[in-house]
Amino acid sequence: MARLTGDIPGQRRLKIGMVGGGQGAYFASYHRAAMRLCNRFDIVAGAFSSDPDKCREAGAAFNLDEERIYLSFADMAAAESRRPDPIEAVVIVTPNHLHFEPCRLFLQAGIPVICDKPLVNSADEAYALASIADRHNTFFALTYTYQGYPMVRDARSRIQAGELGDVRFMYVEYLLEWLAPGVEGLSKSLAWRGDPEMAGPTGALGDVGTHAFNMLEFLSGRRCTNLNAKLSTVVPGWGLDDTCVVQLEFEDGIDGLLWASFAAPGHRNGLRFKIVGSQASIEWSQESPETLLFTPIDGADRIHRRGQSDNAAQTLACTSLPPGNTEGYLEALAVLYADFAEALDAGAEWRTATRVPLPDIHEGVRGVVLSQACVESSQRRAWVPFPER
Ligand SMILES: NC(=O)c1ccc[n+]([C@@H]2O[C@H](COP(=O)([O-])OP(=O)(O)OC[C@H]3O[C@@H](n4cnc5c(N)ncnc54)[C@H](O)[C@@H]3O)[C@@H](O)[C@H]2O)c1
């Protein structure tokens, strides 16, 4: 299989629009790199910045028709929905407090949405979006980037096929170091992550803890039922949690632990998990994403490597390069985009079009209510049920 490199014969290309991503933005350029890599999307419209000059500059750089460079996302949603050839999806990569309104407007205009995480900043907003999306079965995907790694999917296949025996414990950490030196001199892109008006009710938890939490549910297929959180601020002057430890209970009585931090020196992008079963354990780290460590009771440890014939079928289906030619972060995001293209091609059947379940709006809702429940648990120093609706 060559998921990202099998470009002959080419597949239909999808016309896409972007909200956010003018000069100086962080993550939007990764979205664009991933779209180029998966070779299924053309950006034809955008509201790239709240600054009109930056917006025009980006639109011109992407060679857009002038009439499709919009100075506001509200104008973009209205104008695109009136066109005979509207965009087939919009990608929203603005700071968290600017997810709800564009999502709402594009969904109401009937335009499929790809939104970055966390979905929004309050449970009410999350439920409101989910009900609009569900009403018309409109495609909605969250970019939980790490789901796109082949060896994450390999771990998922092995766990769900019972290779570990009964799952007993799930551990995940997501540690970063950028805040450890202090708040002075942070870039605009990093600084808003400590402002509750923009980032939402949680800091490290909402930003990277949501990835970590989603990872455990994705891997195991089990839903969290209860949690006990401690949110801490260890760096003076930071406005939200920069560190959190969350004890988790999942369906079938499985225990779990999540640890996330922006202030852990020596950890560059340290997402790591370990799943412990009755017969074996499995470990993966995003800084060495090509391998998966499988350690059975009383037997030799095994290192599974991406692209080899003992990979699970769904792993091989999302790899592109031969083993030994390293795939990484951009490929993982591109695999997600390739999935999104496949799902968008399937129209009303989009939910079941991909080999692994798409991270849809309900996964986004779970990330938002995770933050809400952790704030409550941390304030009360108590276990709380995971909110279900
Ligand atoms: N999936 C991942 O792994 C991942 C990684 C990084 C960031 N993110 C998420 O991506 C989102 C963006 O984060 P970032 O680090 O790129 O932020 P950023 O601050 O670097 O970029 C935000 C962009 O939004 C634009 N913007 C702001 N207001 C706007 C408006 N009214 N209209 C149009 N554009 C507007 C800004 O000009 C900028 O281009 C966040 O929700 C973040 O959590 C996800």
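A residue counts as buried if 20 or more other C-beta atoms lie within 10 Å of its own, as exposed if 12 or fewer do, and as partly exposed in between. Keep that scale in mind for Ala123, which we will meet below. The model you are looking at is predicted.

**A look at Ala123**
- Ala123 lies in helix H5.
- Is Ala123 buried or partly exposed? It counts as partly exposed, because it has 17 C-beta neighbours inside 10 Å, and that number falls between the 12 and 20 of the scale.
- Leaving aside neighbours within four places in sequence, Ala123 is in contact with Val368, Val369, Gln372 and Pro387.
- Ala123 and Val365 are 242 residues apart along the chain, yet their C-alpha atoms are separated by 7.2 Å.

**The nonpolar core**
- The largest nonpolar core has 116 residues, and among those with the most contacts inside it are Ala89, Val113, Leu129 and Tyr337.
- Helix H11 (residues 329-345) supplies the largest share of this core, eleven residues.
- Both domain 1 (14-145) and domain 2 (149-321 + 360-380) give residues to the core, so it lies between them.
- Not counting residues up to four places away in sequence, Tyr337 touches Ala34, Met35, Cys38, Arg40 and Phe41.

**The five-stranded sheet**
- This open sheet has the strand order S2-S1-S3-S4-S5, with parallel pairing.
- Strand S2 (41-47) and S5 stand at the edges with a single partner strand each, so one side of each has no neighbour in the sheet.
- From one strand to the next, the twist averages 25 degrees.
- Strand S4 (residues 113-115) and S5 run parallel and are joined by three bridges; Cys115 stands opposite Leu142 in S5.
- Helix H4 (residues 100-108) packs on the sheet, where it touches strand S1 (14-19), strand S3 (89-92) and S4. The direction of H4 makes about 165 degrees with that of S4.

**The nine-stranded sheet**
- This second open sheet has mixed pairing and runs in the order S13-S12-S11-S10-S6-S9-S8-S7-S14.
- Its edge strands, strand S13 (302-305) and strand S14 (384-385), each pair on one side only.
- Eight bridges link strand S6 (residues 167-175) with strand S10 (residues 270-277) in the antiparallel sense; Val172 has Phe273 in S10 as its bridge partner.
- Helix H12 (residues 361-380) packs on the sheet and touches strand S7 (224-232), strand S8 (243-250) and S14. The direction of H12 makes about 60 degrees with that of S7.

Note on methods. Residues numbered from 1 in each chain as written. Predicted model: local features only at pLDDT ≥ 70, side-chain atom pairs only at ≥ 80, totals over all residues. Core = buried A, V, L, I, M, F, W, Y, C linked by C-beta atoms within 7 Å. Helix = DSSP H or I, 4+ residues; strand = E, 2+ residues; numbered from the N terminus. Domains from an automatic or database assignment. Contact = placed C-beta atoms within 7 Å. Pairing = 2+ DSSP bridges. Axes fitted to C-alpha atoms, helices over the stretch in contact; angles between N-to-C directions.
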